[in-house]
Amino acid sequence: MENQSNASEKRPQGGSNESGGLLNSTFLPPFSLKGWLFVLAGLVPALIVGWVVFPMVLYSSQQQPFNFSHVVHTNPDIGIEGETEQELCMYCHYFREDGTFVGIPGMDTCTMCHDDPEFPYGQTEDEKIFLEQYVAEGKEVPWLVYSDQPECVYFSHIAHVKMGGLTCGQCHGDHGRSETLPVYKENRLTGYSIDIWGRNIAGYSKNIKPAEAGMYETEDDEQYLRTIETEQGEETYHIKMSSMKMDDCAECHTIHHQEQNNACFVCHK
Ligand code: HEC
Ligand code: HEC
Ligand code: HEC
Ligand code: HEC
Ligand code: HEC
């Protein structure tokens, strides 16, 4: 022990002269001011291309068939049932008898209310498209799924919602409170939605943060708070995923003491 700490104390002392010399001679290129301006003149456009132009070219934008408002449809006044916000969601996004998740509801759910194509409830153009092109024709709506994972990924809602006790918002953010649908952006190379990798191309993740006392107490934030039993007692985290990459899945498993689910064959059956 003693020897080790001595050695590690000595090293920086001995090396300090040397590394100072190195810095002066090799690490800083002996450019003049003009030289540095050249470097910047190359660097700045490269950054703009990399951070602004490249993502714009990489993703193609697609519109949903028509707008759908979650605000309108999670209002109990229209006749959907549920005590909590999550129960209201599950009026449409329910689990079947066998435990499978219905996902985006099919026309049979919509026509519990929109059964007469001649009778719109509101006055929007979107409802007109919906009634004329889908209800009247008896066609399913071809929704684009923002969170659709690659074929090779195994994901089960019942494990996360029922067993894990997570709320929809912790993974899907505010989509369940949206009034208008975001543009669907598809990666031209992989064919995957931008929402899997996240809109933040720096990959800087702010998904899971320890909740400091008094920091997250508004009603809107409550759905993202989660108290987890740790060795030191209970700790509260603010969990709101903004992307759903492999690392993001694993990060949440780790704080939930579900490390056994971070083996390749668990998520890639
Ligand atoms: C009246 C039925 C209905 C109710 C109630 C409802 N939804 Fe939806 N939900 C839909 C339809 C239709 C879509 C497809 C359009 C879209 O993407 O918004 C959808 C899409 C979604 C998606 C997008 C999935 C994806 O990746 O593309 C999420 C997330 C979602 N709903 C969450 C919620 C949450 C959370 C609630 C409760 C606050 C809720 N929904 C309540 C009908 C409903
Ligand atoms: C419980 C009843 C109910 C169900 C189930 C329901 N709706 Fe509605 N929907 C309404 C009512 C009521 C309005 C009118 C609200 C208003 O205009 O104030 C409406 C409005 C709409 C509109 C126009 C307003 C807008 O932009 O959202 C569309 C489009 C729509 N619904 C689509 C759907 C689809 C698709 C489904 C199935 C996934 C569905 N609805 C399921 C009751 C329902
Ligand atoms: C642990 C994270 C997580 C939670 C919690 C969660 N989801 Fe999802 N959801 C996902 C992922 C990941 C996918 C994509 C699954 C796939 O492609 O196989 C998805 C897909 C969906 C879809 C689209 C399914 C389809 O393809 O039709 C809907 C709708 C949806 N979720 C709604 C909800 C609702 C409503 C809740 C709350 C009851 C919820 N989710 C809770 C992660 C989550
Ligand atoms: C917000 C936290 C969170 C996120 C994000 C999350 N998980 Fe999980 N996951 C859990 C928890 C908690 C459990 C344990 C549930 C239980 O059994 O109590 C779990 C369990 C699992 C299991 C084992 C149960 C089963 O279905 O066989 C798999 C597989 C899994 N997760 C896959 C994924 C994948 C794939 C993703 C990313 C697309 C993901 N998870 C994202 C929290 C999360
Ligand atoms: C906690 C769940 C989870 C675990 C554990 C996991 N993966 Fe993944 N993996 C994902 C998800 C989600 C994606 C899709 C999003 C992405 O590309 O990050 C993915 C994507 C991939 C892809 C790219 C597939 C494609 O079609 O783009 C490969 C390859 C892969 N994983 C290999 C592995 C290997 C090897 C391991 C073990 C070291 C592993 N994964 C462990 C969730 C997981």
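**Chatting through a predicted model**

Biologist: Is D248 buried, exposed or partly exposed?
Modeller: D248 counts as partly exposed, because it has 19 C-beta neighbours inside 10 Å. With C-beta atoms placed from the backbone, a residue is buried if 20 or more other C-beta atoms lie within 10 Å of its own, exposed if 12 or fewer, and partly exposed in between.

Biologist: Thanks! What should I know about the model and the numbering?
Modeller: It is a predicted model, where local features need pLDDT of at least 70 and side-chain atom pairs count only at pLDDT 80 or more, while totals for chains, interfaces and linings use all residues. Residues are numbered from 1 along each chain as its sequence is written, and chains are lettered from A and ligands numbered from 1 in the order in which they are written.

Biologist: Back to D248, then: which helix is it in?
Modeller: D248 sits in helix α11. Helices (H or I, at least four residues) and strands (E, at least two) are DSSP runs, numbered from the N terminus. The C-alpha atoms of D248 and I196 are separated by 9.8 Å, with the two residues 52 apart along the chain.

Biologist: And where is H257 found?
Modeller: H257 lies in the loop between α11 (246–255) and α12 (264–267). H257 counts as exposed, because it has 11 C-beta neighbours inside 10 Å.

Biologist: What is phi of H257 near?
Modeller: Near 55°, a positive value in a residue other than glycine. Most residues other than glycine have a negative phi.

Biologist: New topic, ligands! Which residues are closest to ligand 1?
Modeller: Of the 22 residues that surround ligand 1, the closest are C89, C92, S147, H172 and G176. A residue is near a molecule or strand if its C-beta atom, placed from the backbone, lies within 6 Å of it. α4 gives the most to this shell, with 5 residues.

Biologist: How do the residues of the shell around ligand 1 divide?
Modeller: Into 13 nonpolar, 8 polar and 1 charged. Ala, Val, Leu, Ile, Met, Phe, Trp, Tyr, Cys and Pro count as nonpolar, Asp, Glu, Lys and Arg as charged, and the others, Gly among them, as polar.

Biologist: Which residues come nearest to ligand 2?
Modeller: C110, C113, Y121, G122 and E127, out of 23 around it. Helix α6 gives the most to the shell around ligand 2, with 3 residues.

Biologist: And which element gives the most to the shell around ligand 3?
Modeller: That is α8, with 4 residues. Of the 20 residues around ligand 3, H93, G103, Q149, C168 and C171 come nearest.
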